[in-house]
Amino acid sequence: MGNPTNLPTSSDTFLSLVDTVGPMVARVDAPRQHGTTGLLWSDDGLVVTAHHALRRDERIQVGFGDHEPREARLLGRDPATDIAVLSVDLDGLEPKPQPPPWREGSTLAVGELGLALARPGRTLRAALSLVAVVGDQLRTRDGRALTPYVELDRTLPRGFSVAPVVDLEGRVLGISTAGLTSEASVVLTQATVRSTVEAIVEHGRVPQGYLGVGISPARLPSSVREQLGQARAVAVVGLAEDGPAAEAGVLVGDLILQVAGAPVRSPAGLRAQLADRVGEAVPVTLLRGGETTNLDITPAARP
């Protein structure tokens, strides 16, 4: 059988990728913690790193290659994607690191080779893997939608959180993270990283959707359970004056059954469905007086 056109015939391809992309991969240090990887996001010194690896916000340092580490400023964090964004001054670095090119998530395919590059210490590390899963979407436990959902065929070694995974042409397929699940190396694609970085730069965090309701868990009447195929919902026990729910016509005593067609079975489930829908009108299905009703509600940013 002939060799597939995208399969390297020697290690030269990987050595070239290390030389090309390696200078953009940084070591991130903070007091009383192990080093972790950072990736240069923009030429003005924004660096993406792992939220879970930064236990403290002060005295963070970022080092590219053989350059001396520089003080960095933490701009914000997003636990839902395990991303933190740092700002570091790149002036005087020669050669000046440049951010790598990224692939659009829609172009990723199962079976692609990816080389993950990490710098949890002073030396660069590499790990080879395959794109094993490309799914339409997955919501994290904190409610962020990963679109598409991409998973590697192996769990990457310790220290590879926020390691860029690059294709054979040096373009970033995404950044790996072990902070969302311990069972797989999930890859956050360009759209997810971009929206997270932009929100943190603007707000210091990623705004979370908010309806302005006080809620508690509720069991549905048996007649409704069979009809909806759903045993639990959340009951509205309070309303914020002038909040999105009150303005849309939600009443105390309503049961929230679904958001955008997805069942809501717990307060945590409601928060997850609203997390990244700030400013987006979403259909909400309620049970009121034994009858279902639908309202379009536009979540605001949680105060």
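Which residues have the most contacts inside the largest nonpolar core? In this predicted model, they are V48, I175 and V193. The core itself has 30 residues. Several elements give two or more residues to this core: α1, β3, β6, β7, β13 (172-177), β14 (186-188) and α2. Helix α2 gives the largest share, four residues.

Look at I175 for a view of this packing. Leaving out residues up to four places away in sequence, I175 touches L39, V48, I83, W102, V162, A163, P164, V186, V187, L188 and V193. Two of these partners, V48 and V193, are themselves among the residues with the most contacts in the core.

Now turn to the strands. Strands of a sheet pair through backbone hydrogen bonds, either parallel or antiparallel. Here, six strands form a closed barrel, in the order β1-β2-β3-β6-β5-β4. Their pairing is antiparallel. From one strand to the next, the twist averages 40 degrees.

Strand β1 (residues 25-29) runs antiparallel to strand β4 (residues 60-64). Four bridges join the two. Within this pair, R27 stands opposite G63 of β4.

Helix α2 (residues 190-203) lies across β3 (46-50), β5 (70-78) and β6 (83-88). The helix runs at about 105 degrees to β5.

Next comes helix α1 (residues 12-21). Its residues F14, L17 and V21 are buried. They sit on the same side of α1 because they cover an arc of only 55 degrees around the axis. The other side of α1 holds D12, L15 and D19, which are exposed. What covers the buried residues? The cover includes β1, β7 (113-118), β8 (125-135) and β12 (164-166).

Finally, move along the chain to A218. This residue lies in strand β16 (residues 213-219). Is A218 buried or exposed? Its relative accessible area is 14%. Buried means under 20%, so A218 counts as buried. Setting aside neighbours within four places in sequence, A218 is in contact with A231, R232, A233, V234, A235 and L255. V236 is 18 residues from A218 along the chain, and the C-alpha atoms of the two are separated by 9.5 Å.

Conventions
Residues numbered from 1 in each chain as written. Predicted model: local features only at pLDDT ≥ 70, side-chain atom pairs only at ≥ 80, totals over all residues. Heavy atoms only, no water. Pairing = 2+ DSSP bridges. Axes fitted to C-alpha atoms, helices over the stretch in contact; angles between N-to-C directions. Contact = heavy atoms within 4.5 Å. Buried < 20%, exposed > 50% of the residue type's maximum accessible area, 1.4 Å probe, protein only. Arc of directions from axis to C-beta. Core = buried A, V, L, I, M, F, W, Y, C linked by side-chain atoms within 4.5 Å.
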